[in-house]
Amino acid sequence: NIIEVTDIELQNNGRVEGTFWYIMHSDYQSERIVFECKNLTGSVDDHHIFQLYMYLGTRVGKFGIILTRNNCEKYNTKKGGLTESAFKTLRRLHADAGFMIWIWGEAEILSYLSHCESNTVRQFFLDQKSLFMSKIR
């Protein structure tokens, strides 16, 4: 038997229609949300994407998040962000197999926490989904 060890895996209890987690459950069959934590000094590369991808699938769904301390606001930067191959992998996994994998750096994590305090988390997640979709097109 193969044992999969994920960094963080949470149950998706999003059953209220119209909520972000409901959308993730219905559109990406995400019974569970997997977070892969990376302590990188450089950019997220395609092998980081594939590592999370291997945890996803029929058991947990097609949505996951890579957490890194690097700044991920811009793709294809020399320090932080995503390499060109990682960006192409994200695009291919979404287009060919319907997977949505987000990369959150420190700025996204802090923004999420700020939205938690102001009770606007739903809008934050919808904005993140729109941002992801615009970047992979």
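Of the 137 residues in the protein, 44% count as buried. The model is a predicted one. Its secondary structure comes to five helices and four strands, and along the sequence these follow the pattern β-α-β-α-β-α-β-α-α. Among the contacts in the protein with a separation of 6 or more, 69% are between residues 24 or more positions apart.

**The sheet**

The four strands form an open sheet in the order β1-β2-β3-β4, and the pairing is mixed. At the edges are β1 and β4 (100-104), each of which pairs on one side only. On average, neighbouring strands of this sheet are turned by 20 degrees against each other, direction ignored.

| Strand pair | Direction | Bridges |
|---|---|---|
| β1 and β2 | antiparallel | four |
| β2 and β3 | parallel | five |

Glu9 has Val34 in β2 as its bridge partner, and Leu10 stands opposite Ile33 in β2. Strand β2 is mostly covered, with five of its seven residues buried.

**The helices**

Helix α1, residues 20-28, lies across β2, β3 (63-68) and β4. The helix α1 runs at about 120 degrees to β3.

Helix α2 (residues 46-55) packs with helix α3 (residues 84-97) at an angle of about 35 degrees, and their axes are 7 Å apart. On the α2 side of this contact are Asp46, Ile49, Phe50 and Tyr53; on the α3 side they meet Ser85, Ala86, Thr89, Leu90, Arg92 and Leu93. By type, the residues of the contact of α2 with α3 divide into six nonpolar, two polar and two charged.

**A residue in a loop**

Ser30 has its place in the loop between α1 and β2. Is Ser30 buried or exposed? With a relative accessible area of 0%, Ser30 falls under the 20% cut-off and is therefore buried. Which residues is Ser30 in contact with, leaving aside its neighbours within four places in sequence? They are Asn12, Met24, His25, Val60, Gly61, Lys62 and Phe63.

**The largest pocket**

The largest pocket has a volume of about 200 Å³. The residues that line the largest pocket are Leu10, Gln11, Trp21, Ile33, Phe35, Leu67, Trp104, Ile109, Tyr112, Val121 and Phe125. Which elements each supply at least two residues of this lining? They are the strands β1 (8-11) and β2 (32-38), together with the helices α4 (106-117) and α5 (121-136). Of the residues in the lining of the largest pocket, 10 are nonpolar, one is polar and none is charged.

Leu10 and Ile33, which stand opposite each other, both line the largest pocket.

Methods: Residues numbered from 1 in each chain as written. Predicted model: local features only at pLDDT ≥ 70, side-chain atom pairs only at ≥ 80, totals over all residues. Heavy atoms only, no water. 1 Å grid on protein atoms, 1.4 Å probe; cavity = no way out; pocket = protein on both sides within 12 Å on 5 of 7 lines; lining within 4 Å. Points joined across faces, edges and corners; volume = space filled by probe spheres on them. Nonpolar A, V, L, I, M, F, W, Y, C, P; charged D, E, K, R; others polar. Pairing = 2+ DSSP bridges. Axes fitted to C-alpha atoms, helices over the stretch in contact; angles between N-to-C directions. Contact = heavy atoms within 4.5 Å. Buried < 20%, exposed > 50% of the residue type's maximum accessible area, 1.4 Å probe, protein only.
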